[in-house]
Amino acid sequence: MSVDQAAPYAGGCLCGAVRYTFEGEPLMTAVCHCTHCQKHSGGAFSVVAVVPDSAYVQTGDTHIFKDVGDSGKAVYRHFCGQCGSPIISVAEAFAGVTIVKVGTLDQADRLTPTQEAYCGSAMAWMPPLAGTERFEASNI
């Protein structure tokens, strides 16, 4: 089955209590290797899509954990209060955008990361992803 590339992106949490859509292509799709994303995702990294706030629409409530990024500014990590799935992050350092956890998309394979951030924190066994621009850190 082919996917209409112009169709809105849709996704949600594991239990379905939180659903969202966003219109248009993300401003960026990246792999984040920071230790906070490792802990938040429970994995070696997190794959995120950065979209304008105005493009993101959510139904269902999320719980929020207030984290602090390297910039010293807040990063609000939203997750489903029922199943715990991480859904989005909102970083004060990146005003006007929503950072969507790509793994929560219904068709996550529509997006391919073009960047890797916090490569200095990447697991030693994790090779660079082909075709990505790599950064030692980030400004979040």
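Visitor: Is Arg-134 buried or exposed, or in between?
Guide: Arg-134 counts as partly exposed, at 36% relative accessibility; buried means under 20% relative accessible area, exposed over 50%, and partly exposed in between (1.4 Å probe, protein chains only). This is a predicted model, in which local features need pLDDT of at least 70 and side-chain atom pairs count only at pLDDT 80 or more, while totals for chains, interfaces and linings use all residues. Residues are numbered from 1 along each chain as its sequence is written, and side-chain values use heavy atoms, leaving out hydrogens and water.

Visitor: Which residue forms a salt bridge with Arg-134?
Guide: Glu-116 does, with the closest N and O atoms 3.0 Å apart. A salt bridge here is a side-chain nitrogen of Lys or Arg within 4 Å of a carboxyl oxygen of Asp or Glu. Glu-116 is buried, with a relative accessible area of 0%.

Visitor: How many salt bridges are there in the whole structure?
Guide: A search finds three. Among them, Asp-67 and Arg-77 meet at 2.8 Å, N to O. Asp-67 lies in strand 6 (residues 62–68) and Arg-77 in strand 7 (residues 74–80), so this pair ties together parts ten residues apart in sequence; strands are DSSP runs (E, at least two residues), numbered from the N terminus. Asp-67 is buried at 9% relative accessibility, and Arg-77 is buried at 7%.

Visitor: And what does Asp-106 pair with?
Guide: Asp-106 forms a salt bridge with Arg-19, at 2.6 Å between the closest N and O atoms. The two are 87 residues apart, with Arg-19 in strand 2 and Asp-106 in the loop between strand 9 (97–101) and strand 10 (115–117).

Notes:
Helices (H or I, at least four residues) and strands (E, at least two) are DSSP runs, numbered from the N terminus.
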